[in-house]
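Here is a quick tour of one protein model, written for someone who likes to look at the details. Have the viewer open as you read.

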Amino acid sequence: MAQGRRCAWARTELGIAYHDNEWGVAVHDDRTLFEFLILEGAQAGLSWETILRKRINYRLAFDNFEPALVAAYGKARLKQLLADSGIIRNRLKIAAAVQNAQAFLRVQQEFGTFDAYVWRFTDGKPRQNIWRTPRQVPARTAESDALSKDLRQRGFTFVGSTIMYAFMQAVGMVNDHLVGCFRYLPLKRPQGGARHGV
């Protein structure tokens with residue numbers, strides 16, 4: 001595939017691969033949605049590049065992000081995770097992963113899938129933006145504000161509006177590739193490469 005200009009933030013080998021293959025592609029697989037929910041929370045205060053470097057370690061440490069398994073973690077498992085140098089060893093973020101897994105299961109029980117729940121915030125389809133410069137891309141929106149508020153009410157943590165907008169960008173709920181990026185038009189088409197699992 002011929003590749004033209006890409007969004008300026010994708011500069012490293014990992015960042016370019018993520019930008020070209022994942023960022024902004026619509027995700028409808030609950031396990032993958034849970035993975036991004038946890039990773040975006042872990043990224044708070046850090047660079048996404050740091051998370052990308054540790055992503056494989058995260059999958060190993062968190063049972064491939066199976067929500068039911070993570071939800072059952074007890075004190076002994078949390079202690080193991082705090083000693084795992086392959087992930088971000090932040091006590092609050094690790095505890096949040098377990099708490100969010102438990103809340104995630106409750107959402108699945110209520111809505112059938114987390115996918116059915118979360119995509120309601122963009123009316124079931126990606127928001128197609130028309131940004132021409134990085135400065136135009138917002139850090140949060142009314143939709144991310146609403147999602148953040150609702151998640152907090154459901155017992156989730158590390159789900160502030162800025163974190164949730166990054167989540168929405170990652171899982172394709174919004175297309176925030178710049179219009180000059182070679183990925184913009186393919187993702188603007190209906191169901192632009194939707195992912196149902198990784």
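Predicted model: local features only at pLDDT ≥ 70, side-chain atom pairs only at ≥ 80, totals over all residues.

Residues are numbered from 1 along each chain as its sequence is written, and side-chain values use heavy atoms, with hydrogens and water left out.

Let's start with α2, residues 30-43. Helices here are DSSP runs of H or I with at least four residues, strands are E runs of at least two, and both are numbered from the N terminus. As for cover, 14 of its 14 residues are buried; buried means under 20% relative accessible area, exposed over 50%, and partly exposed in between, with a 1.4 Å probe and protein chains only. After the helix comes G45, with a positive phi near 85°.Now for the spaces. Both kinds are found on a 1 Å grid over the protein atoms alone: a cavity is a set of points where a 1.4 Å probe fits but cannot get out, and a pocket is an open set with protein on both sides within 12 Å along at least five of seven lines; lining residues have an atom within 4 Å of a point. Grid points are joined across faces, edges and corners, and a volume is the space filled by probe spheres set on the points. The structure has 3 cavities of 30 Å³ or more. In the linings, Ala, Val, Leu, Ile, Met, Phe, Trp, Tyr, Cys and Pro count as nonpolar, Asp, Glu, Lys and Arg as charged, and the others, Gly among them, as polar.

| Space | Volume | Lining residues | Nearest its centre |
|---|---|---|---|
| Largest cavity | about 100 Å³ | 14 residues | I38, G41, A42, K93 and A97 |
| Largest pocket | about 620 Å³ | 27 residues | W9, W23, W48, A166 and Q169 |

For the largest cavity, α2 and α6 (91-111) are the elements that give two or more lining residues, and α6 has the largest share, with 5 residues. That lining splits into 10 nonpolar, 3 polar and 1 charged. In the largest pocket, α1 (13-21), α2, α3 and α9 (161-170) each supply at least two residues.

On to the cysteines. A search of the whole structure turns up 0 disulfides, a disulfide being a pair of cysteine sulfur atoms within 2.5 Å. C7 is in none, and its nearest cysteine sulfur, that of C181, is 3.8 Å away. C7 is buried at 4% relative accessibility, and C181 is buried too, at 5%.

Last, some loop residues. Most residues other than glycine have a negative phi. N64 has a positive one, near 55°; this residue sits in the loop between α3 (48-61) and α4 (67-71) and is partly exposed at 35%. D123 also has a positive phi, near 60°, in the loop between α7 (114-118) and β1 (127-128), and counts as exposed at 57%. N129, in the loop between β1 and α8 (142-153), is buried at 16%. Its side chain makes a polar contact with the side chain of D176 at 2.6 Å; such a contact is a pair of N or O atoms within 3.5 Å, where within protein one must be able to donate a hydrogen and the other to accept it, and residues adjacent in sequence count only if both atoms are side-chain atoms.

How values were computed. Expected span 1.5 Å × (residues − 1).
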